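Please consider the structure shown here, beginning with the ligand and then turning to a pair of helices.

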Amino acid sequence: MEIWDVKDFSKLKANKHIQKAAEILRSGGLVAFPTETVYGLGANAMDSAAVHRIFKAKGRPQDNPLIAHVADVSGLELLCRDIPPAAYTLCELYWPGPLTLVLRSSGKVAPEVSAGLDTIAVRSPNHPVANALISACDIPIAAPSANISGSPSPTEARHVHADLDGKIDAILDGGSCKVGLESTVLDLVSDPPRILRPGGITLEQIKKVCSDAVYDEAVFSEVSPNTMVRSPGMKYRHYAPQADMIILRGNSDDAARFIRSRAALNPNIAVLCYQEELPLYKGLNAVSYGPEVQYDILSQNLYSALRALDEAEPDIIFARCPEGNDAAAAIENRLKRASAHHIIDLSDISDIGGGNT
Ligand code: TXA
Ligand code: MG
């Protein structure tokens with residue numbers, strides 16, 4: 001498998017690696033490429049066999065549809081029908097960017113992209129490499145995140161390499177992804193419009209166009225395996241590290257006391273915390289993902305922090321997680337799913353543990 005460095009964004013149009021990657025995609029191969037959110041694993045969206053290869057390489061359940069990546073709104077018009085005016089306004093405001101729109105499919109892409117649904121998810125990414133690749137191959141690119149199904153999405157080329165080496169044709173290495181969490185998925189077929197997955201574009205931003213937009217109920221709470229979900233991806237324990245994860249709700253000192261008392265019983269634990277909390281965890285395997293209220297930094301670092309924590313193969317990861325804040329909705333959603341909604345509310349516990357913090 002080839003890894004091509006394309007971190008110099010100045011002359012991408014003429015870049016031979018972009019040209020080669022486009023050639024691979026046109027001839028049915030798989031190329032991982034950076035977007036502003038996470039790395040995507042691309043295939044020609046018009047080619048059933050190529051799209052099938054994505055599912056195989058990732059070990060992705062066949063009923064979980066993919067996002068088609070397009071250059072601009074003309075791509076949306078090609079792939080969708082019955083496009084409401086709100087979709088155009090959203091594209092004007094937030095495209096290219098971390099917003100995926102689910103609309104009725106025009107049936108132009110391979111049916112595997114939509115996994116048999118009559119809708120299709122479309123987005124125009126905001127990254128020079130992704131954009132150069134899309135225009136070089138001049139076809140919509142079907143691309144899920146470029147990780148093994150169930151592991152944290154890749155935000156660096158080395159994460160893609162760790163998961164998919166030998167299973168795909170090439171990786172375009174464009175450095176770290178700025179947003180760090182996957183795009184917001186907005187279902188515009190449902191009434192009212194629903195956020196199926198929170199991401200870089202917030203509910204508040206969407207409400208500027210669709211004032212009645214809501215979060216789908218599966219975004220922050222558990223759905224039972226038998227429930228009909230609107231986004232098939234919601235059923236699966238996504239974004240999950242290898243270890244079990246438990247979210248600790250409460251203040252920093254209580255969390256540290258609780259974790260230290262647990263570490264006394266089982267030293268093989270790890271902590272995902274805020275930068276300010278690191279001094280509380282001296283001597284433990286603690287990784288910070290950023291300052292407590294800097295949600296853009298927390299988003300950017302979350303997945304690489306989860307991968308780093310997993311390297312020590314802890315039995316449990318205790319995680320600190322922002323809750324109830326629109327700007328942190330994507331972080332809250334990913335951590336709740338990574339923990340399979342396992343939350344300990346420290347205010348419910350009378351004796352948190354005596355150890356010094
Ligand atoms: O930021 C992103 O969106 C990244 C980059 C590579 O663009 N892509 C990504 O793709 O996260 P993936 O496949 O990992 O997640 C796509 C999500 C899944 O939860 C899937 O169920 C949902 O979008 N989805 C795709 N098509 C859908 C549809 N027609 N209806 C409802 N949900 C859909
Ligand atoms: Mg994914």
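This is a predicted model: local features need pLDDT of at least 70, side-chain atom pairs count only at pLDDT 80 or more; totals for chains, interfaces and linings use all residues.

Residues are numbered from 1 along each chain as its sequence is written, chains are lettered from A and ligands numbered from 1 in the order in which they are written, and side-chain values use heavy atoms, with hydrogens and water left out.

Around ligand 1 there are 27 residues (a heavy atom within 4 Å), and those that come nearest are Thr 37, Asn 64, His 69, Ser 183 and Arg 197. An oxygen atom of ligand 1 lies 2.6 Å from a side-chain N or O atom of His 69. For Arg 60, the distance from a side-chain N or O atom to an oxygen atom of the ligand is 2.9 Å. A nitrogen atom of ligand 1 is 3.0 Å from an N or O atom in the side chain of Thr 119. Of the 680 Å² of accessible area that ligand 1 has on its own (Shrake-Rupley method, 1.4 Å probe), the protein covers 98%. The largest share of the shell, four residues, comes from strand E7.

Elsewhere, helix H9 (residues 295–311) and helix H10 (residues 329–338), both DSSP runs of H or I with at least four residues, have axes, lines fitted to C-alpha atoms over the stretch in contact, that come within 9 Å and cross at roughly 30°. Tyr 295, Leu 298, Ser 299, Leu 302 and Tyr 303 of H9 make the contact (heavy atoms within 4.5 Å) with Ile 331, Arg 334 and Leu 335 of H10.

Key:
A polar contact is a pair of N or O atoms within 3.5 Å; within protein, one must be able to donate a hydrogen and the other to accept it, and residues adjacent in sequence count only if both atoms are side-chain atoms. Helices (H or I, at least four residues) and strands (E, at least two) are DSSP runs, numbered from the N terminus. Axes are lines fitted to C-alpha atoms, for helices over the stretch in contact, and angles run from 0 to 180 degrees between N-to-C directions.
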